[in-house]
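Dear colleague,

I am handing over the structure we spoke about, and below it you will find an account of what turned up in it. Please read the text with the structure open beside you.

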Amino acid sequence: MTVRIATWNINSVTARLPKLLEWLESAAPDVLCLQELKCAADAFPYEEVRALGYETAAHGSGRWNGVAVLSRLGLEDVVRGLPEQPGYQADDALLPEVEPRAVGATCGPVRVWSVYVPNGREVDHAHYRYKLAWLETLRQTVLEDAAGPRPFAVLGDFNIAPTDEDVFDPAAFVGLTHVTEPERAALAALHEAGLQDVMPRPLKYDHPYTYWDYRQLAFPKNRGMRIDLTLGNKAFADAVTDSYVDREARKGKGTSDHAPVVVDLEV
């Protein structure tokens, strides 16, 4: 059975809905993990994607964050939020807020999590410590599935560039988040838990970046980062027949600042 799975930080499903629907028709993924919905779950465009054959498990609370899994293979055992997920307490908040950053589902022969890892903001910021705590909770959550015989993957915007090769200029990121040793160590801990990085091939240039800032002509100059990742267990990785970054979806006006990452499996 051939299964196509993709992940895409859509950067507002409402603003990008025409782009999303167009891409679903052209790329025809069986499963799509979305991040940064920027809408509440009840505001997700369920009917529009259902018309293309997709069921949706959405997890969102408002104008920030939000994740979803779209599937043409069915949706079972849906889990919204990581068990024991830490919250983030903003400076002006009385209590920590548990944000909608993860949703898991079984889609036919494959189980997936769609995750939107906290950004971290600055190295000395509380959001950075929250990011590391969140990643540790993710590691604990996936241990059982990662060790199992069923194809399993965590896909999404990790807000971490795994190596210096995954940023256009390592010197430009010195002292910044996304490339620090603790963040990369947290990513390595997911590898040690049984997940491996499914490296996509670039459709242009020599490295498969997945994100380019809107500013300073970053996309046409290919000043990008690879921060949207597919981490699969052995059963998943062994089934991969192809993977690529769909750079075409980043072109033009009104696009997300991320490109979809597509993974084809034979399961």
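Asp166 and Arg226 meet through their side chains in a salt bridge, at 2.8 Å from N to O; please keep in mind throughout that the model is predicted. Asp166 sits in the loop between strand 8 (152-157) and helix 4 (181-192), and Arg226 in the loop between strand 11 and strand 12 (228-232), so this pair ties together parts that are 60 residues apart in sequence. Asp166 is buried, with a relative accessible area of 1%, and Arg226 also counts as buried, at 1% relative accessibility.

The structure holds 16 salt bridges. Among them is the one between Glu99 and Arg101, whose closest N and O atoms are 2.7 Å apart, and both of these residues are buried. Another joins the side chains of Lys38 and Glu36 at 3.6 Å, N to O; here Lys38 is partly exposed, at 27% relative accessibility, whereas Glu36 is buried, at 13%.

The largest nonpolar core has 23 residues, and those with the most contacts inside it include Leu20, Leu37 and Phe44. Helix 1 supplies the largest share of this core, 6 residues. A second, separate core of 22 residues includes Tyr88, Trp113, Leu135 and Val154.

The largest pocket has a volume of about 900 Å³ and is lined by 33 residues, of which Asn119, His178, Tyr211, Asp213 and Arg215 lie nearest its centre. Its lining divides into 13 nonpolar, 10 polar and 10 charged residues.

With best wishes

Notes:
Residues numbered from 1 in each chain as written. Predicted model: local features only at pLDDT ≥ 70, side-chain atom pairs only at ≥ 80, totals over all residues. Heavy atoms only, no water. Core = buried A, V, L, I, M, F, W, Y, C linked by side-chain atoms within 4.5 Å. Buried < 20%, exposed > 50% of the residue type's maximum accessible area, 1.4 Å probe, protein only. Helix = DSSP H or I, 4+ residues; strand = E, 2+ residues; numbered from the N terminus. 1 Å grid on protein atoms, 1.4 Å probe; cavity = no way out; pocket = protein on both sides within 12 Å on 5 of 7 lines; lining within 4 Å. Points joined across faces, edges and corners; volume = space filled by probe spheres on them. Nonpolar A, V, L, I, M, F, W, Y, C, P; charged D, E, K, R; others polar. Salt bridge = Lys/Arg side-chain N within 4 Å of Asp/Glu carboxyl O.
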